[in-house]
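I opened a new page for this structure. I wanted to look up how its parts are laid out and where its chains meet.

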Amino acid sequence: MISTRLVAATEGEELNPLIPHAAEIVLSAVVFLLLLFLIVKFVVPGFEKAYKERTAAIEGGIEEAQAAQKEAQAALEQYNAQLAEARHDAARIREEAKEQGAQILAELRADAQAEAARITAAAHAQVEAERAQVVAQLKSEVGTLATELAGRIVGEALSDDERSQRTVERFIAELEESAN
Amino acid sequence: MSLASTLAAASGPPSPGPADFNLPAIFEVGALEVTKPMVLLAFSAVLIVALFAASARPAAVVPGRLQFAGEMVYGFVRNGIARDNIGSHDFQKFVPFLFAVFTFVFVNNYYGLIPVVQFPAMSHIGFPLALAVITWLVYNGAGIKQHGFLGYLKHETVPSGMKGPILVLLVPLEFLSNILLRPVTLTLRLFATMFAGHLLLLLFSLGAEYLLLHSENTLAIPAGIASAILFVGISFLEILVMFLQAYVFTLLASMYIGEAVADEH
């Protein structure tokens, strides 16, 4: 049956589309294999290269971003640590300053008190010395004066009360004069 | 029914048939008659390589328009067909073959809808037959390379988990369907859809022309308009079918390869 159809096909009366032409099979195979070769040579490498580079670029970008994030995190932690340290230092320094201030104040106060005591003591001593000097001077002068007064009283007539009274008054006036 | 009788009653209506696919030779090289589908087929390879080589040449990380378009087609075959069916382990070496199959069938199908060209080269059975035979060689070759000759035969013909006398029945059936019939069905599916599609388009376009211009029957004008509308509708259907056939051929090829190189099925 196929052979009769083949005959018919060659005669061009009743064509059977299921009977392939040998030339077409060969041509199709040759063209397809040529196409495959050219695709392998010129098309696939370009696309695959683009794919690979794109994948690499995306992965690289992600890695880079992760690295940057890690770095930023580390920097933040470092800054935080430094900040905490600085705060701690500041607090410590403030505490020390306070302590030192208090100490200085106490020292100053003690010094002032000592100075005051010293000045007071010196004043007391001076006053005491001057008093002692005055007392000594008075003692000697009182003696002299008493002697002089007694002599005068005795030298005058002791009977004359008026006179003796006047002598005493005169003496006291002299005394006051000398004091001035 | 009335349409058919109208057509039959008219004098000399067109009756497109297999003869319309036998185009006269354009020129002859020795004894070889070079016909339009042959030229179209050869030109399809030039077209595909020129287009995709230009698209792939920049190989830029950030693609331009042409590269993007090319990558869409390439990625569709590479990731959507090859990787999904063969598995990410060893699909890469079959990508060029599948990409060539897809673009080759695609372009040669769409010739049928391009004005002036208007002839699907794959409606000549010799072209899909060659492609099917190459596919057969590729998937069997890949399987034999993977499992050895006998190992591959066992892999393809003995269904896993089957034991005992049932194998007497199963092994010949599996051999028939997996080894012998696959290239035949690949060929016939592609050839028949392209052949029938083109025949339909011929029928409705020639019919519309005849009914509108040459027939004197009273029903000829409405029938001619209906025929023209159907021609447009079937053209749209063909747009879909032409893509689907290219996709199905590539998909089946990748499934056959995937099955052949699979470790256990």
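My notes go from one chain to the contact between two.

Entry 1. I noted that the model is predicted, that local features need pLDDT of at least 70, that side-chain atom pairs count only at pLDDT 80 or more, and that totals for chains, interfaces and linings use all residues. Residues are numbered from 1 along each chain as its sequence is written, while chains are lettered from A and ligands numbered from 1 in the order in which they are written.

Entry 2. I looked up chain A and found three helices and zero strands (DSSP runs numbered from the N terminus: helices are H or I, at least four residues; strands are E, at least two). Along the sequence the pattern is α-α-α. Of the 180 residues in chain A, 6% are buried (20 or more other C-beta atoms within 10 Å of the residue's own, with C-beta atoms placed from the backbone).

Entry 3. I checked the two chains together: 30 residues of chain A are in contact with 36 residues of chain B (C-beta atoms, placed from the backbone, within 7 Å). The chain A side has 22 nonpolar, four polar and four charged residues (nonpolar: Ala, Val, Leu, Ile, Met, Phe, Trp, Tyr, Cys and Pro; charged: Asp, Glu, Lys and Arg; polar: the others, Gly among them).

Notes: A residue is buried if 20 or more other C-beta atoms lie within 10 Å of its own, exposed if 12 or fewer, and partly exposed in between; C-beta atoms are placed from the backbone.
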